[in-house]
Amino acid sequence: MASLFETCKSMDQLKQIHSHTIKTGLTSNPVLQNRLISSCCTCEWGDMKYARQMFDTMSEPSVFIWNTMIKGYSRIDFPENGVSMYLEMLSRNFRPDRYTFPFLLKGFTRDIALERGKELHCHVVKYGFDSNVFVQNSLVHMYSSCGWIDMARGVFDLSQTSDVVTWNVMMSGYNRIKKFIESIKLFDEMERKGLLPTSVTLVLVLSACSKLKDLDYGKWVHKYVKERRVEPSLMLENALIDMYATCGKMNLALEIFRNMKTRDVISWTPIVAGFTNVGEVDLARKYFDQMPERDYVSWTAMIDGYLRVNRFKEALALFREMQTSNIKPDEFTMVSVLTACAHLGALELGEWIKTYIDKNKIKNDVYVGNALIDMYFKCGSVEKAQRIFKEMPRIDKFTWTAMILGLAINGQGEEALDMFSKMLKASIAPDDITYIGVLCACTHTGMVDMGRKFFIDMTSKHGIEPNVAHYGCMVDLLGRAGHLKKAHEFIKNMPMKPNSIVWSALLGACRVHKDVEMAEMVAKQILELEPENGAVYVLLCNIYAACKRWENLRKLRQLMVDRGIKKTPGCSLIEMSGIVHEFVAGDQSHPQSKEIYSKLDEMTRDLKFSGYSPDTSEISLDVGEEDKETALNRHSEKLAIAFALFSSEPGVTIRIVKNLRMCVDCHRVAKLVSKVYNREVIVRDKTRFHHFRHGSCSCKDYW
């Protein structure tokens, strides 16, 4: 019979052995009963339902059998059944032994630990196992897993053990709740007590160094490994690579990597992630392509690398490659892909990702929910973002902030402020990012006095010191309302040095209100900070052109030539049938270029019939009026609109992402297109969203 158990590899085979014991009258043999139930409870292929059926036939199960059943429920992550088994054990007057509690506590989830943990700790003391090192380790693990780190430390301190495993469990608990400094302090304490760490200890402390980016301590641990001649293991070498790569020391990470005798996917992944962190994305891709195997972590690391350098199309292309490789993504991958969709304005693909998450039962936690909200807002789909918010089972401060910012940038300032009010009523403390959204909301609704009040409330009510971004919002608010001198005074009274973004907010207001003198002064300030800022030269050119200051315009254009300043070409993205199309001004590289320009001519004729006349006021070229109109007609967003008109069904919303501020003429064209073709047109430009409906824009012609 013993040889049969040793060769047993499945439940079918085990059931045959069980049948044999019944036929031969050996079912009551305690040794065979133990082997049968142990196989069900401890083997990977074991069936706990079958174990329970056999258990129920036993009149007097031994404590060993009770413990084995409890261990089995922990193995399959059914801690509730384990607790029920333990309580049944007590009710039948069986006393637990030193193995019962480690088996029981090992399988505890956070919820069951919170519900039953302290009660079972009392049982540990009652039955006299509080000084047993295995039970102590289980208690430390249980308390740290449910966030009661002080209780875990209390058990640890009372144990006064020299068992390194207990120290490792405590360090692991600190790492789990991101108290990495405490983990390092514990390692120092081990050193003072003369305890010899294991490779697990060293991995834990290196992990803490990695999270803290504490290169000096990490190097000290590496030196310790060398001097104490700690036997190198794959796990320890991987931890050293991760620490050096996270701290940006890729030369040291590669030195260890190249000298490794064996490598696994965990060895390669920090090399890929490390190069993406230092901006060497192409080098990261080189190592990624060389990996003999890849898991979802390595794929996500590479996708994140493309996000870091704003190569969003490549991020999505890599995700598609991940799909064809049959690697199932996790929630972190989904957040990265949704971020790429958000930046590209790829709503259709974002919708597909949401369906994919639901269909494949990927963990839809608060981070995924926040990413979905961000994606919908950045694609201009306000209603769907609001629907996600209402459906989320749990929301955090970042969810509220995403809603406030999203509503604000989409021109729904009053709704954003209403959301902020609800946030405060829910006793959620705002942060500095939240207040950027609040001040943007005031800007979009023109509520100057309300904006000033919120600016003061930041410090007086919530103790948040305004940073340069908040001052920029206030300058934008005052400038939009036409208070240019007050905005300038506000800048002069800032407690910190204003950056180019603050000055640019005032320069934008100067363009709208045609204040040439102040615009020249502001442009000078920006160029002192950023001499190569081409956008400033272009905006000042537009102001000169709008105010017919031709001599100033000529001199400025000559200055741009002399300094080698080049205008950033306008670029517009539009998604059609899940594919992101890119247009630049005057672009003829698109495969359907002929149809696009034909539709553009037709669209221009339709709009002129409805009263459109090109606004060439911002064209700073020294050419005739007809050439100016031709230049205007080739702007990237007009090409994107023309493409959308013949590529999508009537009534379908047109969504465009533009890298620069929309010019006056393109803004006028988009308004007319929304009216003449009965299409909603949503454009996300460099400064804000424009929702064009029935001939008007959500920005109220201020941008």
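Is F103 buried, exposed or partly exposed? At 24% relative accessibility, F103 is partly exposed. Buried means under 20% relative accessible area, exposed means over 50%, and partly exposed lies in between, with a 1.4 Å probe and protein chains only.

Some ground rules. This is a predicted model, where local features need pLDDT of at least 70 and side-chain atom pairs count only at pLDDT 80 or more, while totals for chains, interfaces and linings use all residues. Residues are numbered from 1 along each chain as its sequence is written, and side-chain values use heavy atoms, leaving out hydrogens and water.

**Stop one: a stacked pair**

Rings of Phe, Tyr and Trp (its six-membered ring) pair if their centres lie within 6.5 Å; planes under 30 degrees apart are stacked, over 60 edge-to-face, the rest tilted. Y99 is partly exposed too, with a relative accessible area of 41%.

**Stop two: an edge-to-face pair**

Select F288 and W299. This pair is edge-to-face: 5.0 Å centre to centre, 80° between the planes. F288 sits in helix α18 (residues 281–290) and W299 in helix α19 (residues 296–308), so the pair ties together parts 11 residues apart in sequence. Helices are DSSP runs (H or I, at least four residues), numbered from the N terminus. F288 is buried, at 0% relative accessible area. W299 is buried as well, at 1%.

**Stop three: a cluster**

Now pick F187, Y217, W220 and Y224. They form one aromatic cluster. The count of aromatic pairs comes to 26.

**Stop four: two helices**

Select α5 (residues 63–75) and α6 (residues 79–91). Their axes come within 7 Å and cross at roughly 160°. Axes are lines fitted to C-alpha atoms over the stretch in contact, and angles run from 0 to 180 degrees between N-to-C directions. The helices are therefore roughly antiparallel, a label for angles over 145 degrees.

Show side chains. V63, W66, N67, M69, I70 and Y73 in α5 meet P79, N81, G82, M85, Y86, E88 and M89 in α6. Contact means heavy atoms within 4.5 Å.

**Stop five: H123**

Finish in helix α8 (residues 110–126), where H123 is placed. H123 counts as buried, at 17% relative accessibility. Leaving aside neighbours within four places in sequence, H123 contacts Y86, L90 and F101.

Terms used: Parallel < 35°, antiparallel > 145°, perpendicular 65-115°, else oblique.
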